[in-house]
Amino acid sequence: MSATEVDRGVVELGEFRFECGESIPNLEIAYEAYGEFTGDNAVLVCHALTGSQNVASYNTPGTAGQARAWWGDIVGPGKAIDTTDYYVVCANVPGSCYGSSGPSSTNPETDEPYGTDFPPVTISDWTRAQRRLLDHLGVGRLRLIIGGSVGGMNVLEWAKQYPDDAELIAPVAAAATLDPQCLAIDAVARRAIRSDPNWNGGDYYGGDGEEASPPQQGLAIARQLGHIMYLSKASMERKFGRRSAGRDSGIEGSDALFPPDKAAAFFPYREVESYLDYNAEKFTERYDANSYLYLTRAMDDYDLAEGHGTIERAISAFEGEALLLSFTADWHFTVSQSETLAEAFRAAAVSVAHHVVDSDHGHDAFLVEPESVGPPVRDFLNNGLDGRAITDTAADDEEPVDDGEADFAPVHSSLFSG
């Protein structure tokens with residue numbers, strides 16, 4: 001298979017028991033793979049909350065918007081994760097709605113969608129499902145496991161659950177747990193969905209001639225809360241300010257998601273509102289509300305230290321190298337949270353670098369700044385922590401070491417700083 005061809009499909013993995021103790025008779029996992037597998041060049045990419053397996057191609061049926069080619073600037077021929085050199089796999093996680101088994105999938109016992117009868121999912125479940133998919137594809141040990149946001153938590157779980165299965169790991173804009181502020185925002189988002197009269201206890205898919213009536217209002221509000229969390233104050237000021245967007249709203253009106261109120265006509269409809277409304281409406285066209293409930297709970301519940309007492313003990317069996325990337329204006333998964341992870345890796349004697357990107361884009365930076373993410377990822381994949389474009393917070397106050405055998409120390413100042 002060439003670097004530009006895509007191997008895509010849905011694999012049936014048979015019975016799968018979830019961490020909650022419940023099981024389904026046949027777990028299906030949708031995946032995409034790029035490049036040619038040579039035995040030691042496999043890379044697993046873990047997608048973010050509402051992402052898909054469609055990490056780098058533009059013609060996957062059923063994906064759209066931010067789920068389509070969501071990291072196409074990083075993965076592909078000649079990109080940081082070069083598919084002419086590496087075999088890159090991305091799997092849609094259980095509980096999602098892009099081809100893998102989830103609430104919108106058909107329950108073989110009823111021939112109806114599972115809805116909320118689908119078992120609760122965890123990041124541990126995602127990781128075990130990915131391992132079984134890779135076994136099916138004939139992939140053993142991986143060169144690199146990388147992912148951003150909750151996908152970065154997925155990466156950390158690999159180091160905990162399968163510490164011998166990867167040479168390198170790169171959690172990007174991630175953390176060991178979610179903080180209380182983000183937990184609160186996610187809780188409000190789920191309440192918005194469940195309060196929508198169309199949610200109907202999760203049974204809104206239609207059937208027997210009934211038309212589906214999904215809880216679009218609730219899901220739209222949930223997505224808007226998410227967008228606010230992914231942006232920073234600086235990026236919102238630069239992008240929108242207080243500018244008026246005129247009176248036309250794509251989401252308000254007699255047949256739209258949010259009915260207008262008369263008093264609103266006196267006040268400006270602002271660009272920031274228009275942005276949130278437009279993206280929320282597009283999101284409701286492609287995403288399943290129950291999946292949003294399931295996957296946010298998986299993210300909220302994750303605790304890397306669970307079962308081990310401390311983060312250090314949880315990752316102590318991993319003997320590869322770790323690159324942590326964080327972004328200065330990200331308040332969803334902060335620089336401080338990544339530094340806590342870095343300190344745990346150091347305490348466990350795991351080779352690690354914490355590379356901080358100076359950015360005002362907020363949490364979305366790992367998606368929208370390939371010029372900042374690409375160089376350290378490329379160097380890490382090709383050279384491990386010896387990569388020239390990699391910095392480390394622990395080396396900020398240290399002088400480079402001259403061993404007489406190389407013109408650079410193991411960790412360097414970024415070539416792209418300043």
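Modeller: The sulfur of C46 lies 7.3 Å from the closest cysteine sulfur, that of C90, which is too far for a bond. A disulfide is a pair of cysteine sulfur atoms within 2.5 Å, and by this rule the count is zero disulfides. This is a predicted model, where local features need pLDDT of at least 70 and side-chain atom pairs count only at pLDDT 80 or more, while totals for chains, interfaces and linings use all residues. Residues are numbered from 1 along each chain as its sequence is written, and side-chain values use heavy atoms, leaving out hydrogens and water.

C46 has a relative accessible area of 1%, so it is buried (under 20% relative accessible area, with exposed over 50% and partly exposed in between, using a 1.4 Å probe and protein chains only). C90 is buried too, at 0%.

Now to a neighbour of C46. Leaving aside residues within four places in sequence, I145 is in contact (heavy atoms within 4.5 Å) with C46, and also with L44, V155, W158, A166, L168, I169 and A170. I145 is among the residues with the most contacts inside the largest nonpolar core, which has 78 residues. Such a core is a set of buried Ala, Val, Leu, Ile, Met, Phe, Trp, Tyr and Cys residues joined through side-chain atoms within 4.5 Å. Helix 7 (residues 289-301) gives the most to this core, with seven residues; helices here are DSSP runs of H or I, at least four residues long, numbered from the N terminus. A second, separate core of 34 residues includes V45, W71, I74 and A365.

Terms used. Helix = DSSP H or I, 4+ residues; strand = E, 2+ residues; numbered from the N terminus.
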